[in-house]
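Please read the points alongside the model.

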Amino acid sequence: MSGRTILNAIALGCWLFASVVAFMIVAYTSFFGVGVIGLMIWFVSTRVDLEQDGTVGAGVSPGFLAHQVKTRAEMSRAERAALRGQRLLEARSARFFKYLGMVLTVGGFAGFWFFQL
């Protein structure tokens, strides 16, 4: 077996575990669990959106930023275009999951509030 197959199997196993955990949360907490899962998705997608250009918070130093600027300045036009295309795709995916998290949060907490009346 190749290393790629093993990594894909591990990734699928982790997704299966995460799906089972999410199902258990929703099964035991109903709409409130949907709201909490939506909040988690919203949080993670916002962090991914913020960390688009590099690390956020700790670990940012002037030397790190200078290295990033120097590397971008030395890129060819095709490399910059490829990087820009990749960032646009990442931003579009992060935006989709951010909106999905918002919808799940509002729907879950609204459903929880509705059934508590």
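1. Ser-45 touches Ala-94, Phe-97 and Lys-98, leaving aside residues up to four places away in sequence; contact means heavy atoms within 4.5 Å. The model is predicted: local features need pLDDT of at least 70, side-chain atom pairs count only at pLDDT 80 or more, and totals for chains, interfaces and linings use all residues. Residues are numbered from 1 along each chain as its sequence is written, and side-chain values use heavy atoms, with hydrogens and water left out.

2. Ser-45 belongs to helix H2 (residues 31–50). Because its relative accessibility is 5%, Ser-45 counts as buried (under 20% relative accessible area, 1.4 Å probe, protein chains only). A polar atom of the Ser-45 side chain lies 3.4 Å from the backbone nitrogen of Lys-98.

3. H2 packs with helix H4 (residues 77–116) at an angle of about 155°, the axes being 7 Å apart. H2 is therefore roughly antiparallel to H4 (over 145 degrees between N-to-C directions). By class, this contact of H2 with H4 has 15 nonpolar, 9 polar and 2 charged residues.

4. From H1, the contact involves Ala-22, Ile-25, Val-26 and Thr-29, and from H2, Phe-31, Phe-32, Gly-33, Val-34 and Ile-37. The residues of this contact of H1 with H2 comprise 7 nonpolar, 2 polar and no charged.

How values were computed. Helix = DSSP H or I, 4+ residues; strand = E, 2+ residues; numbered from the N terminus. Buried < 20%, exposed > 50% of the residue type's maximum accessible area, 1.4 Å probe, protein only. Polar contact = N/O pair within 3.5 Å; in protein donor to acceptor, adjacent residues only side chain to side chain. Nonpolar A, V, L, I, M, F, W, Y, C, P; charged D, E, K, R; others polar. Axes fitted to C-alpha atoms, helices over the stretch in contact; angles between N-to-C directions. Parallel < 35°, antiparallel > 145°, perpendicular 65-115°, else oblique.
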